[in-house]
Amino acid sequence: MFTLNGKFKAFDKKVWLATPTMHGEELQWMKDAFDKNWMSTVGENINETERIVAQKAGCKYAVGLATGTAALHLAMKLAGIKRGDKVFCTDMTFSATVNPVVYEGGVPVFIDTERDTWNMDPAALEKAFEIYPEVKHIVVANLYGVPAKLDEIRKIADKHRAVIIEDAAESFGATYKGRQTGTFGDIGIISFNGNKIITGSAGGMLLTNDLAQANKARKWSTQSRENAPWYQHEELGYNYRMSNVVAGVVRGQLPHLEEHIAQKRAVYERYKEGFKGLPVTMNPYDGKNSVPNFWLSCLLIDEKAMCRQVRGETEALYIKEHGKSCPTEILETLASFNAEGRPIWKPMHMQPIYRMNPFITTEGDGRGTTNAYIAGGGVDVGADIFTRGLCLPSDNKMTEEEQQKIIEIVRACFD
Ligand SMILES: *Cc1c(COP(=O)(O)O)cnc(C)c1O
């Protein structure tokens, strides 16, 4: 089937999707925590990291937490999501965006994706409010480091007096109209998971301008102890605080955020250039209003250039066709050359766990449906991007030669 084998050898060293990039200062701050014996969830690294992140993001408070998911959970609590409440959520995203809604007993209602930035579609959101006018919460993510249509979403939220929780886990450092993502929601979160733009090995932060919220999040994250000589509890607590050692890693990474973004942008631009003439496009962004952090570079194959591909719940098949390809072929081929790509996040409304949740789309006959395939024929936007898109190896340590080879491997899939 494949003609590349004569032409290329597999990479000796695996080319990854995205891996941590350490610089040295991380070790210095970890050692500082060790030397001073602040090895727990208190210390200078946490204080400094919170201060620097808040300053960088342009918000008043940043609360250091164990993970981005923990930050989202506390955000859902702060926003007042209660058992049975419907919550409008980004559909095409990592499950960690929406699971915390369910931790609080909320019911995610998935909002279809727009094609300009691959984020929550404001038109579908508006429609969702027509169907469920009582909803008071919106969870919006900035996919792959590309800001959503945040102004339009804010306008709709304000009109319906809804609170926005912004999941900027993937978009730290990206801006929309000059302002940092993570600060457009009433509450925002970022993640320092190992494959994000900068990492603490783990970790996350909650961003807010409200001192009471910041204090609540800090208290809940440290088991909700009251001010008393003994362990006194009035509220449910969590063990969600960031470790001072993890904070040391983040502290060492922070000066390198812009450098990582520049490297990721260069990766994106080289792909864009390298795929000229192929029936594909890169993941889009609004170049007038936003500056993404280019966390992952993604590819979308033109409809007419898709070979036949069938995906079950856990397996995929495709039929090779001359001049055409599909994400399955490209991902399998990259893997055979020791390079790691990834499918687009499979939309939440297509996930077995969320299959019965409402899903709102403007495609097809315009009725919301829980199925990926719309009654009137056609497919919703999320399902379509999932079918035709993929994430390319986007590691910022990938060399230009390695990337050139990736480009040629992808090109050859269309032979
Ligand atoms: C990584 C990620 C999270 C979760 O962050 P963790 O720090 O891994 O818990 C949440 N939302 C999105 C969109 C993510 O990509």
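Start with the cavity search: this predicted model holds one cavity of 30 Å³ or more. A cavity here is a set of points on a 1 Å grid over the protein atoms alone where a 1.4 Å probe fits but cannot get out. Local features need pLDDT of at least 70, side-chain atom pairs count only at pLDDT 80 or more, and totals for chains, interfaces and linings use all residues. Numbering runs from 1 along each chain as its sequence is written, and side-chain values use heavy atoms, with hydrogens and water left out.

Select the lining next (residues with an atom within 4 Å of a point). Pick Ala18, Thr19, Pro20, Thr21, Lys196, Ile197, Ile198, Thr199, Gln253, His260, Lys264 and Asn396.

Colour by domain. The assignment, automatic or from a database, gives domain 1 (2–20 + 258–412) and domain 2 (25–256). Each supplies at least three residues to the lining of the largest cavity. The C-alpha centres of the two domains lie 26 Å apart. Across the boundary, 49 residues of domain 1 are in contact (heavy atoms within 4.5 Å) with 50 residues of domain 2.

Now zoom to Asn396. Find it in the loop between β17 (389–391) and α12 (400–413). Asn396 counts as buried because its relative accessibility is 10%, under the 20% limit (1.4 Å probe, protein chains only). Beyond its neighbours within four places in sequence, Asn396 is in contact with Thr19, Thr21, His260, Gln263 and Lys264.

Methods: 1 Å grid on protein atoms, 1.4 Å probe; cavity = no way out; pocket = protein on both sides within 12 Å on 5 of 7 lines; lining within 4 Å. Points joined across faces, edges and corners; volume = space filled by probe spheres on them. Helix = DSSP H or I, 4+ residues; strand = E, 2+ residues; numbered from the N terminus. Buried < 20%, exposed > 50% of the residue type's maximum accessible area, 1.4 Å probe, protein only.
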